[in-house]
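Biologist: I am new to this structure. Please show me how to read it, one feature at a time.

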Amino acid sequence: MSEQPRRPRKPGKPYRRPQKDPVRLLAFEALRAVDERDAYANLVLPPLLRKAREKDGPEKFDARDAALATELVYGTLRRQGTYDAVIADCVDRPLREVDPPVLDVLSLGVHQLLGTRIPTHAAVSASVELARVVLGDGRAKFVNAVLRKVARDDLDGWLARVAPPYDEDPEDHLAVVHSHPRWVVSALWDSLGGGRAGIEELLAADNERPEVTLVARPGRATRGELLGEEAAVAGRWSPYAVRLSEGGEPGAVEAVREGRAGVQDEGSQLVALALADAPLDGPDRRWLDGCAGPGGKAALLGALAAERGAFLLASEKQPHRAGLVAKALAGNPGPYQVIAADGTRPPWRPGSFDRVLVDVPCTGLGALRRRPEARWRRRPEDLDGFAPLQRGLLREALEAVRVGGVVAYATCSPHLAETRAVVADVLKRRPGAELLDARPLLPGVPALGEGPDVQLWPHVHGTDAMYLALVRRTS
């Protein structure tokens, strides 16, 4: 049998294997985990970076690689809404018909073009190479065509093109320009009380990378010790807070590794300090953290309680989160106990505690700087799911505290349905409780409003948008 003649090769460039870029591959892997598994970037990224640093050879990461990968992941997630609007203007089909992995590569490319100083040719070529590696040559051509369209203008030019005019639709304009879902823009605007300047500043602050803030746990570490670390400066409001400037690594701090200090937003520290300093009528021996996971506030409360000879009970419903609380409290100098229990069906007797904290589960709209993907996962209907739980936890907290004792209701959300509406509804139905003015318990902190409750803001205080109401049981 005679051999068939070989088909002559078509003229043109010889085939070239795609070049793997470890930084962009890692960023793509993190985005896929966020999309496919509903993972959070702040949990997915650190182990990926750690693994990349441990590799030998050309794929081993240095500090600059890690910084670029982090910027690509967080920048892409923060600006996802804006970038989706730009990409939608450059493709001939609805975005829902674009395969999610293709959309992730496109979004990474658009962020490099519109959100970084990476040169245009480098941003396009690197994104196309990434597409060739993870998607194949065919879809890489699609990526190349879209990104070349995007590269024809800068971010301001694109925003003028894809965002509706403010005068015609202010909420949709802000949603596109500042990359937040429209319903979130509306809710935050209501919480602020109106005015364009404030909402623009808040939405812009949500898109800034937050500083890493440490807490020196009293009796175990001092702020002076932490200030001896490279790139460390004193916190603004909490006497235990230290901020690490860009590039500061908490894991490199000895006190953090030993559990004598921790990573904790300054707003979270202020909530714990306000409860600890609230005036009581009567003894001050037993404290409760009724929603203690993952343990940051419990560790600070435990240290403060130890200084006064008080006992802390830290309760968390989910056993695995209770384990995190136990780890955070390990080595606390005073008496404490960690249990797995449901705060809405508590195992403790009524009136058992002098101070009680309930930092209730919520939508997390106050921490969008740290968890940018949360803004795209939450829906308005989620509020209906949290409402009964939040009210139940506050009701039981008021039962758990003795007459004359104080409850702190806290949540990392400024949404009125999760803050003032919850407190007002519970107090309306439960006589024998009164609101305390929380503002004097945050000394030196400006712009705390008319009270008696407190709402912190990223654009005003540089903290997460923590809410705090202090309630004293009177009968």
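Modeller: Start with the labels. Helices (H or I, at least four residues) and strands (E, at least two) are DSSP runs, numbered from the N terminus. Keep in mind that this is a predicted model.

Biologist: Let me try the labels on a loop. Where is Ala-447 found?

Modeller: Look between two strands. Ala-447 is in the loop that joins β10 and β11.

Biologist: Is Ala-447 buried or exposed?

Modeller: Exposed means over 50% relative accessible area. Ala-447 has 55% relative accessibility, so it counts as exposed.

Biologist: Which value does phi take at Asp-38?

Modeller: Asp-38 also has a positive phi, about 55°, although it is not a glycine. Its place is the loop between α1 and α2. With a relative accessible area of 51%, Asp-38 is exposed.

Biologist: Now the peptide bonds. Which form does the bond from Gly-451 to Pro-452 take, cis or trans?

Modeller: Most peptide bonds are trans. The bond from Gly-451 to Pro-452 is cis, and its omega is near 0°. Pro-452 lies in the loop between β10 (433–436) and β11 (454–455).

Biologist: And which form joins Gly-293 to Pro-294?

Modeller: That peptide bond is cis, with omega near 0°. To find Pro-294, look in the loop that runs between β5 (286–289) and α15 (296–308).

Biologist: Next, helix packing. At what angle do α9 and α11 pack?

Modeller: Helix α9 covers residues 170–178 and helix α11 covers residues 196–206. They pack at an angle of about 25°, with axes 10 Å apart. Angles under 35 degrees count as roughly parallel. So α9 and α11 are roughly parallel to each other. Their crossing is right-handed.

Biologist: Which residues make the contact between α9 and α11?

Modeller: From α9 come His-173, Leu-174 and His-178. From α11 come Arg-196, Ile-199, Glu-200, Leu-203 and Ala-204. By class, the contact of α9 with α11 has four nonpolar, two polar and two charged residues.

Biologist: How do α4 and α8 lie, roughly parallel or roughly perpendicular?

Modeller: Read the angle again. Helix α4 (residues 80–90) packs with helix α8 (residues 155–162) at about 75°, and their axes are 10 Å apart. Angles of 65 to 115 degrees count as roughly perpendicular. So α4 is roughly perpendicular to α8. On the α4 side, the contact uses Thr-82, Ala-85, Val-86, Asp-89 and Cys-90. On the α8 side, it uses Leu-155, Trp-158, Leu-159, Arg-161 and Val-162. The contact of α4 with α8 counts seven nonpolar, one polar and two charged residues.

Biologist: How many nonpolar residues are in the contact of α1 with α3?

Modeller: First place the helices. The axes of α1 (residues 22–37) and α3 (residues 63–78) come within 9 Å and cross at roughly 35°. The crossing is right-handed. Val-23, Arg-24, Leu-26, Ala-27, Ala-30, Leu-31 and Val-34 belong to the α1 side. They meet Asp-65, Leu-68, Ala-69, Leu-72, Val-73, Thr-76 and Leu-77 of α3. The contact of α1 with α3 divides into 11 nonpolar, one polar and two charged residues.

Biologist: What about the interior? Which residues touch the most other members of the largest nonpolar core?

Modeller: That core has 56 residues. Leu-26, Phe-61, Val-73, Leu-114, Val-143 and Val-150 touch the most other members. Take Val-150. Leaving aside neighbours within four places in sequence, Val-150 is in contact with Val-86, Cys-90, Val-110, Leu-113, Leu-114 and Trp-158. Another core, of 40 residues, lies apart from the largest one. Among its residues are Val-215, Trp-287, Ala-314 and Val-325.

Biologist: Is Thr-411 buried or exposed?

Modeller: Buried means under 20% relative accessible area. Thr-411 has 0% relative accessibility, so it counts as buried. Its place is in strand β9 (residues 401–411). Not counting residues up to four places away in sequence, Thr-411 touches Asp-359, Val-360, Cys-362, Glu-418, Thr-419, Ala-465, Met-466 and Tyr-467.

Biologist: One last residue. Where is the place of Arg-53?

Modeller: Arg-53 is in helix α2 (residues 41–54). At 39% relative accessibility, Arg-53 counts as partly exposed. Beyond four places in sequence, Arg-53 touches Lys-60, Phe-61 and Ala-66. The C-alpha atoms of Arg-53 and Ala-63 are separated by 8.8 Å, with the two residues 10 apart along the chain.

Technical notes
Residues numbered from 1 in each chain as written. Predicted model: local features only at pLDDT ≥ 70, side-chain atom pairs only at ≥ 80, totals over all residues. Heavy atoms only, no water. Core = buried A, V, L, I, M, F, W, Y, C linked by side-chain atoms within 4.5 Å. Buried < 20%, exposed > 50% of the residue type's maximum accessible area, 1.4 Å probe, protein only. Contact = heavy atoms within 4.5 Å. Axes fitted to C-alpha atoms, helices over the stretch in contact; angles between N-to-C directions. Parallel < 35°, antiparallel > 145°, perpendicular 65-115°, else oblique. Left-handed = near helix turned anticlockwise from the far one by under 90°. Nonpolar A, V, L, I, M, F, W, Y, C, P; charged D, E, K, R; others polar.
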